[in-house]
Structure formats: C-alpha cells, structure tokens
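Subject: Structure handover

Hello,

Here is the structure I promised to pass on. Please open it first, then read my notes below.

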Amino acid sequence: MALITQAPRGVQDVLPAEVYRWQAVENTMRQVVQRHGYREIRLPTFEHTELFARGVGDTTDIVGKEMYTFTDRGGRSVTLRPEGTAGAVRALLQGGALAGTLPVRAYYLMPCYRYEKPQAGRLREFHQLGIELFGAPLPDADFEVIMTAREILAAFGLKKVRVEINSIGCKDCRPRYHQALQQYFEGHREELCETCLQRLERNPMRILDCKSPICQEIAKNAPITLDYLCDDCREHFESLKAMLDGCGVQYTVNPRVVRGLDYYSRTVFELVHEGAGAQGVVCGGGRYDGLVELLGGSPTAAVGFGMGIERLLSVMQAEGVEIPEPFGPDLFICSVGDPARDAARRLVYQLQEMGIAAMYDINGRGLKPQMKFADKARSRYCIVIGDGELESSSCLMRSMTDGQETPCPLDPGAIANAIK
Ligand code: ATP
Ligand code: MG
C-alpha cells in the first residue's frame, strides 16, 4: 500500500496552499536574470547517458554514483538530467545558437535528478535555476554572473550570505597543481576514504570537495591552487577581485572551493548561507571554458551558476524571510435563493470576461458556508445578493481586508469599477 500512498524517497510535493512561495521565488529569479539579458532555454528531462558522462565528467560524484540511468525500450542508455549545463550546451550547439553573435545568455529553471542520500537540503528531485554565459572570456563575465546570483539573494532580503571565490587554473597550470596534490595526499593514503583513494589517481582536486570529516581534516593542509596559477590565470583572478572591490562587494577567497564538476576552469565560486552547514551552499558556479569544445563545438568561453531552489527556500525560512500569501479571487458572490443564484452565476461569467477573478458557490450551499468559503479562499471582496438586491438592483460591496461596505449597483461594469 505504501507504494501508492507514499511518494518515493527524496522527492517533494508542493501543494496548492504553499505553491505561492515557489512562485514568488521563481518570479523574482526570472525577473533578475531577464533584466541581465538572459533568455530561457527549455531542455529535455533526459539525454543520452554519454552526454553527462562526458560533459559532467566521470570522476565526479554525479556521474560516479548519483545518476538515474536506465535503458529504454529501444535498448539505449538514457539518464535523467542531474544538472543543466551539459544539456544546455548540447542544445545550443545542436540549434546553432553559439555560431552567431556572442555573447549568448541563457537560463533555465527546472527539476534535476540525483540519486543521493535524502536529507535536509538534499533531494533526489530538486530544482535549479541556472544561468550560462557563452563567448565572454574576460573577467567581466565572471563578475556579471556572480553579481546576478547575489542580486537574486538580495532581492529576498537575505543578509547572511557569503560570496566565496577561488581560481582553479586552466589546462596549462592545473597538471602541476595536481602533481603537488597527489604528492601531498599520497602521504595520507591510509586515512583517506574509499572514494578519495580513487580520486587520488584520477582527479585529486576532488578530494578537497569530499564531505567525509577525516578527508576534510587532511585537506586543510593540502597545497592550494592559487599558488600554482599560471600568469594568465592569476591576472584573470586578480582582475575579477578588482572588479568586485571596485563595486564594494564583500567576498572571501576560499582556496577550498573547487566545485564538484570536472569541467570548471579558472573562476569557481559559491554563495554560502552562514550557519546552514554543508547544505548552506545555495549557489555554485564558475567558468568552464573547455566544455563547449569537449561537447563538439568550437572553443567557446563559458561561465555560469546553478542555484538550488529548495535550499534557497530553506535559508529564507531560517532567516525568517516572509513571503506574503497572495489573495485568492477578486470577488466572491454569495447568494440566497434560486433567482439570486442564477444572477450570481451570470455576473461571475460577465466579470470573468472583463478580466475579474470572480467566483460563486458552485455547491449551492447556504449563506453561512458560502461566506466561510469566501473568507478561506482569501477573496478580496464579497457581495451577498438575495431577492432584495435583485429588486433594488444594488448591493453592498464588502472589502474582506478592512470590512468596509460600499453600496454598488448590481451591474458588472459598476462592480468591476468598484473593485479595481
Ligand atoms: P553539494 O556539494 O551540496 O552536493 P553540488 O556541488 O553537488 O552540491 P551543484 O552540482 O553545483 O551542487 O548544484 C548547484 C546547486 O544545486 C547547489 O549549490 C545546491 O544549491 C543545489 N543542489 C545540488 N544538489 C542538490 C540536491 N541533491 N538537493 C537539493 N539541492 C541540490
Ligand atoms: Mg552534490
């Protein structure tokens, strides 16, 4: 029975009574990113498994152990998207959108799927806002992307958010850093977790991102990327910092920020909510100049971020940020008696045509339950019509916010005017 009465582990329903919180967050996100010139891209829920294996990287946790992969009826391996970037690059390349004028700005707001151990702030189906900026190699692009992420959090009045930045170098300087890391972690072989032992061979930087406390402790004294950057990468990072400083943006350089995905280069950043622990990373992003080429396009600079909506909602709750519950209908028409009920129905449809959210009781109940329903539905205004109102062709318009009653002709135009 539990199989049909309980949703699978790690997914969340949003019921009609609470959806306004999601809608408020989504609307603000869209407004901010669209103001910066990002246009929405809509992507399929599943892709060829190969796209993520290549595009996210097979040394990552995502590809290594978190993907929802299955064989379809045609015998092909497909995977529910664990993130948005690989699919966005695939789609833009396929549609030729990176071949024209650059930069190209795209955003998505969509569910992603990862087989993780469900806990607070960590779901198997979660929602992400992502922005991707292509064809802009200068630090101005990194700056824009970080500022956009900050703006979204600021729009909700969140205060306890820290911007952490780092640079992880490029394909020229990273090998030297990898070597230094390997050397360091070799000395701690016995203490590292199983997964990190594999990371040690294939991608030692991932160890810095391990969530095991022992590995984290060891990582504290590991060499840092910033000491191994080539001149170009160092200059890029210094310019970015100067741009942030120039706009009075507070940030910290955190050499431990490396991000979980393989395709990053140079700038990486996180927006962390203080006091929320490991799940306090609301937003993570950075530069991934090699990805477009890796997925079959010509070399194209790229930078972006992913922001977890569930995590944003939970830090908003933790900080006591209230989202006001919106009103329901503009007007609820209560009626007493059959002729009045007929009039109520006609009025509702006349008002609806005029763009007014009007309602009446389709269950034909008595006056008291009608009024109760109007109140529960958070109606802005309410009128009651009975034989008297029909005879005098007038009614009392009651504001549900302050209880004030105003006389009004029983006519759709007059009613519409009265509640505007
Ligand atoms: P973490 O280190 O917390 O596992 P990540 O590095 O795997 O995060 P990204 O792939 O960068 O995360 O995803 C971007 C954002 O999406 C994260 O900063 C977070 O807000 C959110 N996110 C990632 N995984 C989940 C999840 N399983 N449930 C809810 N939100 C998630
Ligand atoms: Mg993760």
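The protein splits into two domains. Domain 1 is made of residues 2-173 plus 229-318. Domain 2 covers 331-419. Taken over C-alpha atoms, the centres of domain 1 and domain 2 are 48 Å apart. Please keep in mind that this is a predicted model.

**The ligand**

Start with ligand 1. It is surrounded by 16 residues. The closest of them are Arg114, Glu116, Arg122, Leu123 and Arg259.

How much of ligand 1 does the protein bury? On its own, ligand 1 exposes 580 Å². The protein buries 93% of that area.

S10 provides the largest share, with four residues. Sorted by class, the shell holds six charged, five polar and five nonpolar residues.

**The five-stranded sheet**

Next, look at the open sheet of five strands. Its order is S13-S12-S14-S15-S16, and the pairing is mixed. The edges are S13 (358-360) and S16 (405-409). Each of these two edge strands pairs on one side only. On average, neighbouring strands in this sheet are turned by 30 degrees against each other, with direction ignored.

How do S12 and S13 run relative to each other, parallel or antiparallel? They run parallel. S12 spans residues 331-335, and three bridges join it to S13. One place to look is Leu331, whose bridge partner in S13 is Ala358.

**The three-stranded sheet**

A further open sheet has three strands, in the order S2-S4-S3. Here the pairing is antiparallel. S2 (46-48) and S3 (69-71) are the edge strands. Each has a single partner strand, so one side of each lacks a neighbour in the sheet. Neighbouring strands of this sheet are turned by 35 degrees against each other on average, again ignoring direction.

Three bridges link S2 with S4 (residues 77-80), and the two strands run antiparallel. Glu47 stands opposite Thr79 in S4.

**Two backbone details**

Most residues other than glycine have a negative phi, and most peptide bonds are trans. Two spots in the model are worth a look against that background.

The peptide bond from Leu102 to Pro103 is cis, and its omega is near 0 degrees. Where does Pro103 sit? Pro103 is in the loop between helix H5 (85-94) and strand S5 (104-113).

Arg378 is not a glycine, yet its phi is positive, at about 60 degrees. Arg378 also belongs to a loop, the one between helix H14 (367-376) and strand S14 (381-385).

Best wishes

Key
Residues numbered from 1 in each chain as written. Chains lettered and ligands numbered in written order. Predicted model: local features only at pLDDT ≥ 70, side-chain atom pairs only at ≥ 80, totals over all residues. Heavy atoms only, no water. Domains from an automatic or database assignment. Near = heavy atom within 4 Å. Areas by Shrake-Rupley, 256 points an atom, 1.4 Å probe, with all protein chains shown as cover. Nonpolar A, V, L, I, M, F, W, Y, C, P; charged D, E, K, R; others polar. Pairing = 2+ DSSP bridges. Axes fitted to C-alpha atoms, helices over the stretch in contact; angles between N-to-C directions.
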